[in-house]
Structures are given as C-alpha cells and as structure tokens.
Amino acid sequence: MFRVLFLCTGNSARSQMAEALLNWKGRGRFQAESAGSRPAARVNPHAIETLREYNIPWSARAPRGIDGLEREAWDFVVTVCDRAKESCPIFPGQPILAHWGMPDPAEIEGDAAAKRAAFRDAFVLISRRIDLLLALPLELEARLRAIGKTAGENSG
C-alpha cells in the first residue's frame, strides 16, 4: 500500500478533502493522511458539507501540523497550496513530491452559495487529479523502489 501525505497551510479544506477522497477511491492501494504548516483551529464546515454531499467518508480528524510527520516514510507528498509548497520540509526515503496548487475555497468571499460553489469546484478538481493518480502504472514505481532495496548480488 502506498502512503500519501497531502499538505496545505491550514489543513482545514483542500488537504482534508484530498485525504478523504484518496482513502475512499484508492482503498486497498493507498493510505492517505493530511497536515498543515500552520493548522487551523477546525476543519472548514463547507469542506465537511461537500464531502457529505458527495457521500465521501471523512475521518473527522482535526487539523494537525507536520511535526513528526517528516520522520515517517511516505511514498508521495503532495502539496495543495503554494504556501505549503514553499515551507515543505525534507522527508526521508525520497518520496515523490508533487504540487497540486489550486485556489483556497476558504478564501472565497460572498454568500453561502458562492462559498459552497467554491468548495464543490475544489472538490471536483481534487477528485479529477486523484483519478489521474489512480490511473498511473504504480506497480512500476513499487518495482523500481524494490530494486534499490535488494542485497548486493554477485555481478559476475
């Protein structure tokens, strides 16, 4: 199973939705978690509402920081906002790093309908990107990593 860490600034919207989506769509193949460089006090209610609207299970994990996560082994680390990309720590084991930047739906001003629309747009974009991730030939990635872990064979 591949371990994926989604990073954002507040860990209150995009990264939470990405974690929930990948754990649901990639179950059995992926284990996703999320964190923030400056975690918010709570998960944005519109993020929770959007996940419920699309029937995506959510773990109800409170926003958390990255402290300690940089010492864990990750196969992929994905930043979903520019500020998290800039403050991304160094991770051991050479995980694949990707940046999936997108506007923060929590920063949208306006009425409740405009905010809900921004969260739905972010959800759909994350969902499409996860679909593309799931379509990749990841067996090759696992095999390539295994080559680096083989003991020194005789090279005749």
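Which residues in α2 meet which residues in α4? I took this up as the opening entry on the predicted model, in which local features need pLDDT of at least 70, side-chain atom pairs count only at pLDDT 80 or more, and totals for chains, interfaces and linings use all residues. I noted that residues are numbered from 1 along each chain as its sequence is written, and that side-chain values use heavy atoms, with hydrogens and water left out.

**Entry 1: α2 and α4**

I found that His46, Ala47, Glu49, Thr50, Leu51 and Glu53 of α2 meet Ala112, Lys115, Arg116, Phe119, Arg120 and Phe123 of α4 (contact: heavy atoms within 4.5 Å). Sorted by class, this contact holds five nonpolar, two polar and five charged residues (Ala, Val, Leu, Ile, Met, Phe, Trp, Tyr, Cys and Pro count as nonpolar, Asp, Glu, Lys and Arg as charged, the others, Gly among them, as polar).

I then looked up the packing geometry. The axes of α2 and α4 (residues 112-135) are 9 Å apart, at an angle of about 60° (axes are lines fitted to C-alpha atoms, for helices over the stretch in contact; angles run from 0 to 180 degrees between N-to-C directions). Helices are DSSP runs of H or I with at least four residues, strands runs of E with at least two, numbered from the N terminus.

**Entry 2: positive phi**

Most residues other than glycine have a negative phi. I recorded a phi near 55° for Asn11, in the loop between β1 (2-8) and α1 (14-25). Ala60 has a positive phi of about 60° and sits in the loop between α2 (45-53) and β3 (76-79).

Is each buried or exposed? Asn11 is buried, at 0% relative accessible area, whereas Ala60 is exposed, at 51% (buried: under 20%; exposed: over 50%; partly exposed in between; 1.4 Å probe, protein chains only).
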